[in-house]
Amino acid sequence: MKARLHRPTPANLRRLATVLRDGGLVAIPTETVYGLAAHALDTEACRAIFRAKGRPAHDPLIVHVLDLAHAVELAEFNDPARRLVQAFWPGALTLVLPKKACVPDIVTSGGPTVALRSPAHPLARRLLKLAGVPLAAPSANPFTYISPTTVEHVRQGLGARIPHILDGGACPIGVESTVLDLSRPGRPRVLRPGAISAEQISRVLGTKVATVRRAGKPGKRLLAPGLLDKHYSPRTPLRAVANPATTDTGTAVILLRKPAGQARVGVYWLSRRGELSEIARHLYRVLREADASGHHQILIEKLPPTAGGLAAAINDRVKRAAAKR
Ligand code: TXA
Ligand code: MG
């Protein structure tokens, strides 16, 4: 199979919506990263997602919906969940809630909860509307590799295994959504930091929000598979350090800000002036470029721990990308 790239014309969107409704796979742009989408209520279609990604069955899928009216058909919403939907949907917040019976086991890895998100990306929304079904969509990359933020990334990783990619250009946020467990409404927990910070969530709920650090006990269904220590990883060994410098020609260096002076071989940068949203947007593309550059090691500059906001998500991804295999 060789993936076809589709420009987002009205005719192509209609065609891809039909593919999805009929149980096929389509890689789609979202505001965070590209997702590999399938009809969420079709067990066979969801099975094809796991196969294409090489994803283990114990790692559950996020279901994408147009809005709250569609979400309540899939999960039991509590009051905090409704308040967060009001504040952050459509957007980069995924809510984990008790699932309703119509959600197939394959989506939730057999668990009692389902993860739901309403994407803000206009093309994802057009497809959801045209398909008229909820779409399960994990990031469109082979399991444990770096998530894709461009169609080229999707093509490199899954191009030989999926039939369709919708071209929506580069993803504007660049790191995955915040996953928040609200299945126990009094005890909200961030399972994966993302674009919406724990502080923002806390402000809306008026309660403290914990952040879970561990994926769960080995052998058990994972609490948060996104917290697997090794995830989002380049093949080249990566280390995060405070002041990276090229020590030899075999080392690539990723800086937070564009350095002064001439561009140098093996030196990459994530932003012009250190702005967090720009760093997040470029992180995965630059990691991939450094990974493909033939260096035997990559050093990436650490963010100051006090940076706040998106910094938690960026630090989290860098830490996992750097984890030993
Ligand atoms: O931004 C995003 O969330 C992207 C775009 C495509 O929407 N999707 C994404 O999906 O990152 P994926 O499959 O790569 O990550 C899904 C994460 C997993 O890390 C898992 O921990 C969590 O969502 N998850 C899904 N269902 C869950 C559940 N029922 N309970 C706990 N965590 C769940
Ligand atoms: Mg992923």
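Modeller: Helices here are DSSP runs of H or I with at least four residues, and strands are runs of E with at least two, numbered from the N terminus. Keep that in mind for Ser109, which sits in the loop between α5 (105–108) and β6 (113–117). This is a predicted model.

Colleague: What is the phi of Ser109?

Modeller: Phi of Ser109 is near 55°. That is a positive value in a residue other than glycine. Thr144 also has a positive phi, near 75°, and is not a glycine either. Thr144 lies in the loop between β7 and α7.

Colleague: Is Ser109 buried, exposed or partly exposed?

Modeller: Count neighbours. A residue is buried if 20 or more other C-beta atoms lie within 10 Å of its own, exposed if 12 or fewer, and partly exposed in between. Ser109 has 17 other C-beta atoms within 10 Å, so it is partly exposed. Thr144 has 17 C-beta neighbours inside 10 Å, so it counts as partly exposed.

Colleague: Where is the cis peptide bond?

Modeller: Look at omega. The cis bond joins Trp89 and Pro90, with omega about -10°. Pro90 is in the loop between α4 (79–88) and β5 (93–98).

Colleague: How does the predictor score the model?

Modeller: The chain averages a pLDDT of 93. At least 70 is reached by 94% of the residues. For the complex, the predictor gives an ipTM of 0.99 and a pTM of 0.94.

Colleague: Next, the record. Which residues does the UniProt annotation "binding site" cover?

Modeller: Read such an annotation with care, as it may be inferred rather than shown by experiment. The unreviewed UniProt entry lists Arg55, Thr113, Ser139, Ser147, Arg192 and Tyr232 as "binding site".

Colleague: Take two of them. Where are Ser147 and Tyr232?

Modeller: Ser147 is in the loop between β7 (135–136) and α7 (151–158). Tyr232 is in the loop between β11 (210–211) and β12 (238–241). Ser147 has 26 other C-beta atoms within 10 Å, so it is buried. Tyr232 has 26 C-beta neighbours inside 10 Å, so it too counts as buried.

Colleague: Which residues does Ser147 touch?

Modeller: Set aside residues up to four places away in sequence. Ser147 then touches Val33, Ser139, Asn141, Glu176, Tyr232 and Tyr284.

Colleague: How is the chain divided?

Modeller: These bounds come from an automatic or database assignment. Domain 1 is 4–227 and domain 2 is 238–322. Their C-alpha centres lie 27 Å apart. The contact takes 14 residues from domain 1 and 16 residues from domain 2. On domain 1, the side that touches domain 2 has 7 nonpolar, 7 polar and no charged residues.

Colleague: How many residues are in the largest nonpolar core?

Modeller: It has 95 residues. Those with the most contacts inside it are Leu20, Ala27, Leu36, Val63, Leu116 and Ala136. Helix α9 (residues 276–291) gives the largest share, 7 residues. At least three residues come from each of domain 1 (4–227) and domain 2 (238–322).

Colleague: Take Leu36. Which residues is it in contact with?

Modeller: Again leave out neighbours within four places in sequence. Leu36 is in contact with Leu25, Ala27, Ile49, Ala52, Lys53, Ala137, Pro138, Ala140, Leu158 and Ile162.

Colleague: One more residue. Is Ile300 buried or exposed?

Modeller: Apply the neighbour count again. Ile300 has 25 other C-beta atoms within 10 Å, so it is buried. Its place is in strand β15 (residues 297–301). Beyond four places in sequence, Ile300 is in contact with Leu238, Ala240, Pro244, Ile254 and Val318.

Colleague: How many residues apart along the chain are Ile300 and Asp59?

Modeller: Ile300 and Asp59 are 241 residues apart along the chain. Their C-alpha atoms are separated by 28 Å.

Terms used. Residues are numbered from 1 along each chain as its sequence is written. Chains are lettered from A and ligands numbered from 1 in the order in which they are written. This is a predicted model: local features need pLDDT of at least 70, side-chain atom pairs count only at pLDDT 80 or more; totals for chains, interfaces and linings use all residues. Two residues are in contact if their C-beta atoms, placed from the backbone, lie within 7 Å. A nonpolar core is a set of buried Ala, Val, Leu, Ile, Met, Phe, Trp, Tyr and Cys residues joined through C-beta atoms within 7 Å. Ala, Val, Leu, Ile, Met, Phe, Trp, Tyr, Cys and Pro count as nonpolar, Asp, Glu, Lys and Arg as charged, and the others, Gly among them, as polar. pLDDT is the predictor's confidence in each residue, from 0 to 100.
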